[in-house]
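Please look over the sequence and the structure first.

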Amino acid sequence: IRAQNKGLGWRYGFRPGDNDTSVTGWVVLALKACKTAPITSPTQAEFHRAFRGALKWIDKATDFQQGTTGYQSPTDKREHSVYCMTSVGILCRIFAGQRRSSPVIRKGVEFILKRLPVWKPERRARAKTINMYYWYYGSYALFQYGGKPWRIWNEAMKKALLSSQRVGGCADGSWDPIGQWGPHGGRVYSTALGAMTLEVYYRFVRATGREF
């Protein structure tokens, strides 16, 4: 709460003045967990201000015509991040109280469904089809959204992750650190995100309280 840029989102550091969608998304998840617990501090008013600021930042970083969200601006549409940041944007909107029928949420969902999870290793370590960070947020966002989009995504996600998990040897149960960010974070990073992605069914009930 104290580190949030006034009226907006978060970035690396304490109120540094600039914001990014990635860090803002992680903080929103942390605050959502705190609010669900529930704990006595922060207060409901502080939660409300924090989520309102996060949503204001997501709006600033969103191209409303396309439904896409950038890392630090609406025009930041680098291929490796725009799908992930759009997923973060959808999830933040839902957790901040926006309806799933919102046009920008619907457009965002349509956008990320164009890039379903596919485990397709290439010779190069940075296999473009593999992005565990994106798969985590895409799964989380579409689980919260529900309906046919979630069912389509879920089948692709399970196929990609369950078929690629290592079996046997010292790497048993892990995922190889390949694709976007995998070489940076290593096997622990890839395995943590793989496990977290497969846990989206259990971590929070749907914000709407409904099954789809």
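Aspartate 63 counts as buried because its relative accessibility is 19%, and buried means under 20%. The model is a predicted one. Aspartate 63 belongs to strand 1, which covers residues 62-63. A polar atom of the aspartate 63 side chain lies 3.0 Å from the backbone nitrogen of glutamine 65. When neighbours within four places in sequence are left aside, the contacts of aspartate 63 are Thr68, Pro74 and Lys77.

Is lysine 159 buried or exposed? With a relative accessibility of 65%, lysine 159 counts as exposed. Lysine 159 is located in helix 6, residues 147-162.

## The chain as a whole

The protein chain has 8 helices and 2 strands. In sequence order the pattern of these elements is α-α-β-β-α-α-α-α-α-α. The protein chain is as compact as a globular protein of its length, because its radius of gyration of 17 Å is close to the 17 Å that the globule rule gives for 212 residues. The C-alpha trace spans about 50 × 35 × 35 Å along the principal axes.

How much of the protein chain counts as buried? The share is 48% of the 212 residues. Among contacts in the protein chain with a separation of 6 or more, 60% are between residues 24 or more positions apart.

## Aromatic rings

The count of aromatic pairs comes to 16. One of them joins phenylalanine 47 and phenylalanine 51, and this pair is stacked. Both residues lie in helix 2 (residues 44-60), 4 residues apart, which is about one turn of the helix. Phenylalanine 47 and phenylalanine 51 are both buried.

The pair of tyrosine 83 and tyrosine 134 is tilted, because the planes of the rings stand at 50 degrees, with the centres 5.9 Å apart. Tyrosine 83 is in helix 3 (residues 79-95) and tyrosine 134 is in helix 5 (residues 132-145), so this pair ties together parts that are 51 residues apart in sequence. Tyrosine 83 is buried, as is tyrosine 134.

The two pairs are set out here.

| Pair | Centre to centre | Between the planes | Kind |
|---|---|---|---|
| Phenylalanine 47 and phenylalanine 51 | 6.4 Å | 15 degrees | stacked |
| Tyrosine 83 and tyrosine 134 | 5.9 Å | 50 degrees | tilted |

Which residues do ring pairs link into a cluster? The cluster consists of Trp26, Phe95, Tyr133, Tyr136, Tyr137 and Tyr140.

## Charges over rings

Phenylalanine 95, a member of that cluster, also has a charge over its ring: the charged end of lysine 32 sits there, 5.0 Å from the ring centre. Arginine 206 is placed over the face of phenylalanine 143, and the distance to the ring centre is 4.2 Å.

Methods:
Residues numbered from 1 in each chain as written. Predicted model: local features only at pLDDT ≥ 70, side-chain atom pairs only at ≥ 80, totals over all residues. Heavy atoms only, no water. Phe/Tyr/Trp six-rings, centres within 6.5 Å; stacked < 30°, edge-to-face > 60°. Buried < 20%, exposed > 50% of the residue type's maximum accessible area, 1.4 Å probe, protein only. Lys NZ or Arg CZ within 6 Å of the ring centre and 35° of its normal. Rg over C-alpha atoms; globule rule 2.2 N^0.38 Å. Contact = heavy atoms within 4.5 Å. Polar contact = N/O pair within 3.5 Å; in protein donor to acceptor, adjacent residues only side chain to side chain.
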